[in-house]
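I set out below my notebook entries on this structure, in the order in which I looked things up.

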Amino acid sequence: MFVVMGTKSDGLDRYVKDFETAFLADTADYYTRKASLWIQEDSCPEYMIKAEERLKREKDSVAHYLHSSTEEKLLEKVQTHLLLNKAKQLFDKENSGYRVLLRDEKTEDLERMYRLFSSIKNGLDPLSAAFKDHVTSEGLSLIRQADDALTTKKEDKAAVASQEQAFVRRVIELHDKYYAYVTISFKKDSLFHKALKEAFEVFCNKKVGNSLVAELLSTYSDGVLRKGGSNEKLDDDAIEEALEKIVCLLAYLDDKDLFAEFCKKKLALRLLFDKNSAEDHHERSFLSKLKQQCGAQFTSKMEGMVHDLESARNTQIRYKEEYTNKIDYKEENTNKIEFNVTVLTTGYWPNYKTIDLRLPGEMVECVGSFKEFYQIDKKNRKLTFLYSMGSCNGTAKFQKKPIELIVTTHQAAVLVLFNDSDKLSYSDIRDQLNLTDDDVVRLLHSLSCAKYKILAKEPNTRTISQKDSFTWNVEFTDKMRRIKIPLPPADEKKKVTEDVDKGRRYAIDASIVRIMKARKVLQYNDLVTACVEQLSRMFKPDFKVIKKRIEDLISREFLEREEGSANTFRYLA
C-alpha cells in the first residue's frame, strides 16, 4: 500500500518515511529485548541457533510482505542487536562460550558462529582475534607444562629427552586440532589462517627448558626418520604424515637456519652410522618438503650429502673388489681385516674435528692401501681421514669368553696397544697415540670408569688423572656376546650455535652488499629494512648485528659514509 501511494517524483519516500523507518526502529527495540533475555537464559550454541532462525524468518518476511530494498537494512538491524552487540558475552559465556567451543571441539557450533558473523561487515575480526588469543594461550600453556616437567627431571638426560619429544608431539596435536577448525569450521578463511600463523609464531619461538623449538623439532624429525626409534616402528604412511606435520610447524619458526644446521648434523649421523634408519626415499621426501617450504638453498647441502653417500658406496665397492685381498692381520692365525671407507665432499658435510691420531700398524696398512687405490683415479684430490667419525668391530679375549666390542677408532687404537703391553701409564697412551689430554681423558674414562670396564685402572677411582696406570681387565664379562662402548657425548649444541652465528654474519654481509650494489646510495633505516626483508625467510637478523656488519663492511671498503651524512651509505665498486 505504501509503495503504491508513492508518486513518480518521490518514489519510495512514502514507504520509507511513513513505514520503514518506524518498522526498523521497532525491530531494533524488539531484538534488543530478545537478545538481553536469551543471553541470560541460553547457552552460546542455543543463542546462535535462535539468532540464525530469526535471521531466516526476517528474510522470509521481506519476501512475503515488504519491499526488497528493506532486506539489507532489516538484516543489518537483526545482526547488530543479536550478534555484534552481544559478541563479547557470547565469547566469554561460562561453560559454553566461544573459547569453550574451541577447547571442546564443537565444530558444528563454531561453523554456525562463523556463518553468522561472516555475513556482517568486519564481523569476523573479533572472532579471529579471539581465536588467535585462545591458540596462543594454549601454546604458552604447553610450554609452561614442559618447563615444569623438565625442571623436575633435569638430572635425568633420558627423561629430559623424552619430555622434549612429548612436547613436540603435543604441539603437533595442537596444530592439527586448530588447523582442522580453520579448514572445516572457518572454511579456510584467510583471517583465521593468519590468526593461526601469528599464534604459533608467538610460542614456537620461545625456549623450552634450555632448548629452542627449532632444535627440538629437528630431534623429533630425526626420531621419525629412524622409524620411530626402538619402542615404536612407524609404517611408510605414518612417516610421511609425521614429516608433513614437521614441515608445517617449520613455517612458524624464526630460526629456520638453526633447524637446518641441526638437521644437517643428524642427517649426517643417520647416513653414516644408522643402519636402521628410514629408507632413502623418506630422506629424499623430507628434503623435498623442506625445499618446497624454504627454498633450494635451505636443502642444497643436505641433498649433496645424500648424493655424496651414493658415490661413496660405489667407491667402496670398487675398493673391496680390487684391494681387500691385500690387507691381512699380522698374527699367527691370519684373519682378514674388513676395512670400509666413506669418502665425503668437504663442502656438503658438517665440519668435524680432525685429530692427528697415530694409528696402530694394522690400521696404518689399511689406510695406506686405500690412499693408493684412491689416488689412481683422483690424483688431484686430497684425502683427510676423520678418525673421530670412525668405528671398529673387534673380538676381545677375556677369561670367561671372547666378546665382540663395537668401539670408535680412537677407542680401538687404545685397546690395540694392550696387545703388546701388559700395563700402560696415562702418559704412555697419550704419547703413543699423539692425542691431547682432553681426548685421552674421554677415551680412558669410557673404557675404564663407565658401564663397561674393559681396562682396569690403578688407583680404582671414578676419575682419570695423569698419574693413573691401566691394564687389560681379563676378568671382564657380560651376558651379551656383542656390546657397544659409547664415548661421553660432546656438547654439540654449542658448536651448532656457533656455526649458525658465523653463517648469519656471512649472510648479513652478502645481503647488505647485494642491496647496496643495486641501490648504490641508501639511508641506514632503509638498508636495515631491506636486509631484514631479504633474510627473514631463514632467520630474523638482530638490528645490532646488522649495524656491526655495516661497520665491518666499511672497514673492509665495501661501503663508505656519504660526506656530511653519517646515516647515508654509498656502495664502493
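Which residue in S11 is the bridge partner of leucine 559? I looked it up and found tyrosine 571.

**Basis of the entries**

I worked on a predicted model, in which local features need pLDDT of at least 70 and side-chain atom pairs count only at pLDDT 80 or more, while totals for chains, interfaces and linings use all residues. Residues are numbered from 1 along each chain as its sequence is written, and side-chain values use heavy atoms, with hydrogens and water left out. My element labels follow DSSP runs numbered from the N terminus: helices are H or I of at least four residues, and strands are E of at least two.

**Entry 1: the sheet with S10 and S11**

I next followed the strand pair itself. S10 and strand S11 (residues 565-571) run antiparallel and are joined by four bridges; two strands pair if DSSP finds at least two bridges between them. I then traced the open sheet of three strands, whose order is S9-S11-S10 with antiparallel pairing. Strand S9 (521-523) and strand S10 (559-562) are its edge strands, each pairing on one side only. On average, neighbouring strands of this sheet are turned by 35° against each other, direction ignored. For such angles, axes are lines fitted to C-alpha atoms, for helices over the stretch in contact, and angles run from 0 to 180 degrees between N-to-C directions.

I also noted helix H21 (residues 524-535), which lies across S9 and S11 and runs at about 95° to S9.

**Entry 2: lysine 520**

Where is lysine 520 placed? I found lysine 520 in the loop between helix H20 (492-519) and S9. Its phi is near 70°, a positive value in a residue other than glycine. I recorded this because most residues other than glycine have a negative phi, and most peptide bonds are trans. Lysine 520 has a relative accessible area of 46% and is partly exposed; the class covers values between buried (under 20%) and exposed (over 50%), with a 1.4 Å probe and protein chains only.

**Entry 3: asparagine 434**

I found another positive phi, near 60°, at asparagine 434. This residue is in the loop between helix H18 (426-433) and helix H19 (437-448). At 36% relative accessibility, asparagine 434 is partly exposed.

**Entry 4: H17 against H18**

I then examined the helix that meets H18. The axes of helix H17 (residues 409-417) and H18 come within 11 Å and cross at roughly 120°. H17 is therefore oblique to H18; angles under 35 degrees count as roughly parallel, over 145 as roughly antiparallel, 65 to 115 as roughly perpendicular and the rest as oblique. Which residues of H17 and H18 meet? I listed Ala413, Val414 and Leu417 in H17, and Ile429, Gln432 and Leu433 in H18; contact means heavy atoms within 4.5 Å. By class, I counted five nonpolar residues, one polar and no charged, where Ala, Val, Leu, Ile, Met, Phe, Trp, Tyr, Cys and Pro count as nonpolar, Asp, Glu, Lys and Arg as charged, and the others, Gly among them, as polar.

**Entry 5: H9 against H10**

For helix H9 (residues 157-185) and helix H10 (residues 190-203), the axes come within 10 Å and cross at roughly 165°. The two helices are therefore roughly antiparallel to each other. In H9, I found Val171, Leu174, His175, Tyr178, Tyr179 and Val182 meeting Phe192, His193, Leu196, Phe200 and Phe203 in H10. This contact has nine nonpolar, two polar and no charged residues.

Is serine 469 buried or exposed? I found serine 469 in strand S7 (residues 469-472), buried at a relative accessible area of 14%. Leaving aside residues up to four places away in sequence, serine 469 touches Lys423, Leu424, Ser425, Ala456, Lys457 and Glu458.

S6 and S7 pair in the antiparallel sense over four bridges, and leucine 455 stands opposite tryptophan 472 in S7. Strand S6 (residues 455-458) has Leu455 and Lys457 on a covered face, and Ala456 and Glu458 on an uncovered one. I noted beside this that side chains in a regular strand alternate between the two faces of the sheet.

What kind of peptide bond joins glutamate 458 and proline 459? I found a cis bond, with omega about -5°. Proline 459 lies in the loop between S6 and S7.

**Entry 6: S3 and S4**

Lastly, I looked up strand S3 (residues 391-396) and strand S4 (residues 403-408), which run antiparallel and are joined by six bridges. Cysteine 392 stands opposite valine 407 in S4. A hairpin joins S3 to S4 through six residues.
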